[in-house]
Amino acid sequence: FANTTVDAIDAARRQLSLHDTAAASSSSTRRCRSKFAASSMVATRLLAVASILTPATAVLTLPRKSQALPWLGAPAYLQELPGNADFDPLRLGSASPALLKYYREAELKHGRLAMLAAVGWPASELWDQKLADTFGIDAALTPKLEAPSVLNGGLDRISPAF
């Protein structure tokens, strides 16, 4: 099998070198050669070699690219994680599997907290007055009826013990 493959590769090289010699001797070919012609010549060479080789020897493996950032390679240490999109541009998880597991758990907790905050912020503006009246306390909304925050103001009326 190996001798057949070597013979086929040698035959392809001889055929390609004859083709190159004929193309170089033609002055019109030299003048008209463009980027497209050069790239099509490379493609023709690849096809010629691929047609001679057996399928087992013509396997071409390219490095896997990240789904999230296609210009980066896919990190191998993320492959076993569910929902993997190969997003780790700073390679923070490459230090150790335990650290990667810690980062993953922290990301899940922060995501859950953010989902609760996305519901809680508008709910506090909608129900603050009703809840304050029910419990007999002052409403915490700003004069514009916004939840107290750094951007909206009104934090000076909230007790630090709260």
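This is a predicted model: local features need pLDDT of at least 70, side-chain atom pairs count only at pLDDT 80 or more; totals for chains, interfaces and linings use all residues.

Trainee: Okay, is S149 buried or exposed?
Mentor: S149 is found in the segment after α4. Leaving aside residues up to four places away in sequence, S149 touches W121 and L155. Its relative accessible area is 10%, and the cut-off for buried is under 20%. So S149 is buried.

Trainee: Let me back up to the overall layout. How many helices does the chain have?
Mentor: There are zero strands in the chain. Read along the sequence, the pattern goes α-α-α-α. That makes the number of helices four.

Trainee: And what share of the residues counts as buried?
Mentor: Among contacts between residues at least 6 apart in sequence, 17% join residues at least 24 apart. As for burial, the chain has 162 residues. The share of them that counts as buried is 15%.

Trainee: Now α4. How far apart are its end C-alpha atoms?
Mentor: Helix α4 covers residues 97-135, which is 39 residues. A straight helix at 1.5 Å a residue would reach 57 Å. The ends of α4 fall short of that, with their C-alpha atoms only 50 Å apart.

Trainee: Where does α4 bend?
Mentor: The span of α4 is short of the straight-helix value, and a bend turns up within this helix. The angle is about 55 degrees. The residue at the bend is W127.

Trainee: Which residues in α4 are buried?
Mentor: For burial, the relative accessible area has to be under 20%. In α4, the buried residues are L100, A106, A123, D128 and A132.

Trainee: Which residues other than glycine take a positive phi near 60 degrees?
Mentor: Most residues other than glycine have a negative phi. One to look at is in the loop between α3 and α4, where it is partly exposed at 34% relative accessibility. Another is in the segment after α4 and counts as exposed at 57%. They are R91 and L145.

Trainee: Let's do charges. How many salt bridges does a search of the whole structure find?
Mentor: In one, the side chains of R64 and D86 meet at 3.2 Å, N to O. In another, E105 and R104 meet at 3.8 Å, N to O. The search of the whole structure finds two.

Trainee: In the R64 and D86 salt bridge, which residue is buried?
Mentor: The side chains of R64 and D86 meet at 3.2 Å. The pair links distant parts of the chain, 22 residues apart, with both residues in the loop between α3 and α4. R64 is partly exposed, with a relative accessible area of 39%. At 2% relative accessibility, the buried one is D86.

Trainee: What about E105 and R104: what relative accessibility do they have?
Mentor: Their side chains meet in a salt bridge. E105 counts as partly exposed, and R104 is partly exposed as well. The value is 33% for E105, and for R104 it is 33%.

Trainee: D88 has no salt bridge, so which side chain of opposite charge is nearest?
Mentor: D88 sits in the loop between α3 and α4 and is buried. A salt bridge needs the nitrogen and oxygen within 4 Å. The nearest side chain of opposite charge is 5.7 Å away, and it belongs to R91.

Trainee: Then which backbone nitrogen does the D88 side chain reach?
Mentor: Not counting residues up to four places away in sequence, D88 touches P75, Y77, L78, G93 and S94. At 3.0 Å, its side chain reaches the backbone nitrogen of G93.

Trainee: Last one. How far apart in space are L141 and Q129?
Mentor: L141 is in the segment after α4, and it is buried, with a relative accessible area of 11%. Its contacts beyond four places in sequence include S124, E125 and D128, along with E146, A147, P148 and R157. L141 and Q129 are twelve residues apart in sequence. In space, C-alpha to C-alpha, they are 7.9 Å apart.

Notes
Residues are numbered from 1 along each chain as its sequence is written. Side-chain values use heavy atoms; hydrogens and water are left out. Helices (H or I, at least four residues) and strands (E, at least two) are DSSP runs, numbered from the N terminus. The expected span of a helix is 1.5 Å times one less than its number of residues. The bend at a residue is the angle between axes fitted to the seven residues ending there and the seven starting there. Buried means under 20% relative accessible area, exposed over 50%, partly exposed in between (1.4 Å probe, protein chains only). Lys and Arg count as positive and Asp and Glu as negative; His and the chain ends are not counted. A polar contact is a pair of N or O atoms within 3.5 Å; within protein, one must be able to donate a hydrogen and the other to accept it, and residues adjacent in sequence count only if both atoms are side-chain atoms. Contact means heavy atoms within 4.5 Å.
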